Amino acid sequence: MENAKTGLNTKIHIVGFILMAIAGWIDTIALYVCLSENSSFLTGRVAKLGHFIINSEKANAIEVTTIIVFFIVGACISALLTQKAGLSFGLYFSAGLIVLTLIWFYTTQASTIAYITLPMSMGGQNAATSLTSINRTTHLTGPITDIGTSLAKGNFKQALFWILRVLGFLAGAAAACYFTSKEVGLFYLLIAPAVVICAIAFFQKRFLIIPVIAD
């Protein structure tokens, strides 16, 4: 029984690391290719929104508000799907929104849809994993805080849990920066994370079985 629990914890570490890397990847791609703003974490967005409102920068305020609102919408929809059908469906929802971004871009040559779909995707991923023992997978403020509190309590195992998440986000962001600098096409930059999320959703459903935590 103990071995089974250890094995599940290892799988959770791996899935969490990969999904954090995806968030770092998407956030970087959104910032440098599709959007002028980050899409996977919102603390800075809310701070900027205040600045834009005070300075009457209407267009910028609308852009940031759109990102915030649709992150919430994505989280809401994904939470409903995950609670009803399991983690895999929340992840498929997240991946589907990335694919939709890609299809829209190549159909219309307009990147404005990304202000809706990419925040929704990241909100969806974060909500889906937050309802399981994987926990949050799109931002760093909470995990980095938890590293500090875990170290203060002498809980080095829990600190390592969150350190791996930070390293995952860093790895994803660094990889995205590298491939962007090499002028890799947007198709590959977006299809790659969508495929990875779908693969995780599939294998989670078939082999890992990470349950939704009851309220």
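Reader: Which residues does Ala 30 touch, not counting residues up to four places away in sequence?

Author: Ala 30 touches Leu 35, Ser 36, Glu 37, Ser 39 and Leu 118, with residues up to four places away in sequence left out. Contact here means heavy atoms within 4.5 Å. Before we go on, this is a predicted model, in which local features need pLDDT of at least 70 and side-chain atom pairs count only at pLDDT 80 or more, while totals for chains, interfaces and linings use all residues. Residues are numbered from 1 along each chain as its sequence is written, and side-chain values use heavy atoms, with hydrogens and water left out.

Reader: Thanks! Why is Ala 30 called buried?

Author: Buried means under 20% relative accessible area, exposed means over 50%, and partly exposed is in between (1.4 Å probe, protein chains only). Ala 30 has 0% relative accessibility, so it counts as buried. Ala 30 lies in helix α1; helices are DSSP runs (H or I, at least four residues), as are strands (E, at least two), numbered from the N terminus.

Reader: And what makes Leu 35 count as buried?

Author: Leu 35 is at 6% relative accessibility, and therefore counts as buried. Leu 35 sits in the loop between α1 and α2 (43–54). Among the residues Leu 35 touches are Ala 30, Ile 67 and Ala 114. The C-alpha atoms of Leu 35 and Ala 114 are 6.9 Å apart, although 79 residues separate the two in sequence. For Ala 30 and Ala 114, 84 residues apart along the chain, the C-alpha separation is 7.7 Å.

Reader: How do you know how many disulfides there are?

Author: A disulfide is a pair of cysteine sulfur atoms within 2.5 Å, and a search of the whole structure finds zero. Cys 76 counts as partly exposed because its relative accessibility is 45%. Cys 198, at 29%, is partly exposed too.

Reader: What makes a space a pocket?

Author: Rolling a probe the size of a water molecule over the atoms shows where empty space is left. On a 1 Å grid over the protein atoms alone, a pocket is an open set of points where a 1.4 Å probe fits, with protein on both sides within 12 Å along at least five of seven lines; lining residues have an atom within 4 Å of a point. The largest pocket holds about 180 Å³ of space. Its lining includes Asn 9, His 13, Lys 157 and Trp 162. Helix α7 supplies the largest share of that lining, four residues.

Reader: How does the lining of the largest pocket divide by residue type?

Author: There are three nonpolar, five polar and one charged. Ala, Val, Leu, Ile, Met, Phe, Trp, Tyr, Cys and Pro count as nonpolar, Asp, Glu, Lys and Arg as charged, and the others, Gly among them, as polar.

Reader: Why is the pair of Tyr 178 and Phe 179 called edge-to-face?

Author: Rings of Phe, Tyr and Trp (its six-membered ring) pair if their centres lie within 6.5 Å; planes under 30 degrees apart count as stacked, over 60 as edge-to-face and the rest as tilted. By this rule there are seven aromatic pairs. Tyr 178 and Phe 179 are 5.3 Å apart centre to centre with 80 degrees between the planes, hence edge-to-face. Phe 187 and Tyr 188 also form an edge-to-face pair, at 5.3 Å and 90 degrees. Tyr 188 is exposed because its relative accessible area is 55%, whereas Phe 187, at 38%, is partly exposed. Ring pairs also link Trp 25, Tyr 178 and Phe 179 into a cluster.

Technical notes:
Grid points are joined across faces, edges and corners, and a volume is the space filled by probe spheres set on the points.
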